[in-house]
Amino acid sequence: MLTVAIDGRTNVAGVIGDPVEHSISPLLHNTAFSTLGLDWVYVAFPVPAGRGEAAVAAMADLGIRGLSVTMPHKVAAARACERLTPVAEQLGAANTVTNLSGSLVGDSTDGPGFIDSLAEHGWSPEGKRCLVLGAGGAARAVVLALAQAEAKSVVVVARQREQALAAAALAGASGTAGSVGDAGEADLVVNATPVGMTTSEVPFELDPGLLGPGQLVADLIYAPALTPLLAVARERGAATTNGLGMLVHQAARQFRAWTGQEPPLEAMSAAVVAHFSQLR
Ligand code: NAP
């Protein structure tokens with residue numbers, strides 16, 4: 001895949017997480033580097049829980065240009081940065097660290113990447129009623145991004161009311177904690193739980209009768225490509241999208257921050273689509 005020989009001048013970026021060996025990020029970023037012929041390489045660093053802050057801090061001394069951050073280190077990464085973007089500051093978490101001449105800047109590209117993926121479908125959250133299932137890290141990023149994209153309302157549904165309220169608060173006055181029955185009034189329904197990844201369950205046993213034409217149902221899960229929620233939404237005539245677009249766009253934003261270049265989106269998408277079709 002790499003078209004450039006690695007030598008002493010090669011720029012290094014990577015991902016920290018636990019587990020990290022099945023991460024798609026090396027494929028995405030190395031595809032982007034080789035497509036543009038950049039002297040960059042991206043590797044996966046397995047970093048155990050509790051060592052995230054130290055791993056991020058080491059970037060400056062090692063000269064690592066950029067890090068993607070995945071579970072369980074997003075909060076620790078934000079702590080280790082000298083500066084946070086407003087989005088990372090509000091979330092208290094960073095999925096991206098950029099080494100700017102030794103100064104570490106934390107950002108969170110998940111939410112904006114999700115909005116970018118909707119834009120690919122010609123869909124804007126502005127003025128729309130949105131419902132987010134789940135209140136974890138990805139849900140929080142999506143809630144904040146929907147509010148910043150001027151959604152009319154953002155309802156958060158979670159098992160733990162305190163978490164739903166905390167996530168909804170990220171949307172300010174437009175955010176509320178609600179119930180799965182509110183899906184009938186939503187223009188956009190987002191699954192930000194892992195439910196449907198390995199089972200045939202629909203999150204919160206959402207009644208398919210609440211879904212229909214005119215709605216967009218998004219699942220942040222990308223494997224399988226067609227989750228149980230997306231399958232019932234399609235049957236009911238709703239538009240659907242899985243998490244692959246978000247995955248590509250959050251990486252594209254990281255690539256832009258680290259290299260200052262426009263990411264080759266088509267090549268990145270094609271690489272992940274080919275990867276997942278091989279697994280089928
Ligand atoms: P997380 O921080 O662990 O949050 C998971 C959320 O799902 C929590 O609110 C959790 O509630 C809820 N949940 C888990 N099992 C549930 C169940 N059986 N019923 C109802 N709610 C349940 O995880 P995350 O990082 O936010 O990730 C969530 C999903 O988004 C994952 O599937 C992940 O792969 C996906 N994701 C995709 C992308 C992408 O680029 N496409 C990026 C990030 C994440 P409790 O607190 O009550 O357990």
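1. Let me begin with the two domains. The C-alpha centres of domain 1 and domain 2 lie 25 Å apart. The contact between them takes eleven residues from domain 1 and 15 residues from domain 2. Please keep in mind throughout that this is a predicted model.

2. Where do the domains run along the protein chain? Domain 1 covers 11-108 + 246-279, and domain 2 covers 112-242. Domain 1 is therefore written in two segments, with domain 2 falling between them in the numbering.

3. Now the chain as a whole. The protein chain holds ten helices and twelve strands. Its C-alpha trace spans about 60 × 40 × 30 Å along the principal axes. A compact globule of 280 residues would have a radius of gyration near 19 Å, and the protein chain agrees because its own value is 19 Å.

4. Of the 280 residues of the protein chain, 51% count as buried. If you take contacts between residues at least 6 apart in sequence, 65% of these join residues at least 24 apart.

5. The second largest pocket deserves a look. Its volume is about 180 Å³, and 14 residues line it. Which residues lie nearest the centre of this pocket? They are Glu120, His121, Leu244, Gly245 and Ser269. By class, the lining has five nonpolar, seven polar and two charged residues.

6. Which helices supply the lining of the second largest pocket? Helix 5 (110-120), helix 9 (244-259) and helix 10 (265-279) each supply at least two residues. Helix 10 gives the most, with five residues. Both domains take part: the lining draws at least three residues from each of domain 1 and domain 2.

7. A search of the whole structure finds two cavities of 30 Å³ or more. The second largest cavity has a volume of about 30 Å³. Its lining consists of Val87, Leu91, Ser108, Gly111, Pro112, Ala141, Leu144, Ala145 and Gln148.

8. Helix 4 (86-91), helix 5 and helix 6 (137-148) are the elements that give two or more residues to the lining of the second largest cavity. Helix 6 gives the most, with four residues. How many charged residues does this lining have? It has no charged residues, with six nonpolar and three polar ones. As with the second largest pocket, where at least three lining residues come from each domain, the lining of the second largest cavity draws at least three residues from each of domain 1 and domain 2.

9. Pro228, Leu229, Leu230, Val232 and Ala233 are buried in helix 8. What do the buried residues of helix 8 pack against? Their partners are strand 10 (188-191), strand 11 (216-219) and strand 12 (239-241). Just after helix 8, Gly237 takes a positive phi of about 95°.

10. Some backbone details are worth checking by eye. Most residues other than glycine have a negative phi, and most peptide bonds are trans. Here, a cis peptide bond joins Asp18 and Pro19, with omega about 10°. Pro19 sits in the loop between strand 1 (11-17) and helix 1 (25-36). Another cis peptide bond joins Met71 and Pro72, with omega about 0°. Pro72 is in the loop between strand 3 (66-69) and helix 3 (74-80).

11. Glu150 is not a glycine, yet it has a positive phi of about 65°. You will find Glu150 in the loop between helix 6 and strand 8 (153-157). Is Glu150 buried or exposed? Glu150 counts as exposed because its relative accessibility is 52%, and the cut-off for exposed is over 50%.

12. Finally, Glu205 also has a positive phi, near 50°, in a residue other than glycine. Glu205 is in the loop between strand 10 and strand 11. With a relative accessible area of 74%, Glu205 is exposed.

Methods
Residues numbered from 1 in each chain as written. Predicted model: local features only at pLDDT ≥ 70, side-chain atom pairs only at ≥ 80, totals over all residues. Heavy atoms only, no water. 1 Å grid on protein atoms, 1.4 Å probe; cavity = no way out; pocket = protein on both sides within 12 Å on 5 of 7 lines; lining within 4 Å. Points joined across faces, edges and corners; volume = space filled by probe spheres on them. Nonpolar A, V, L, I, M, F, W, Y, C, P; charged D, E, K, R; others polar. Rg over C-alpha atoms; globule rule 2.2 N^0.38 Å. Buried < 20%, exposed > 50% of the residue type's maximum accessible area, 1.4 Å probe, protein only. Contact = heavy atoms within 4.5 Å.
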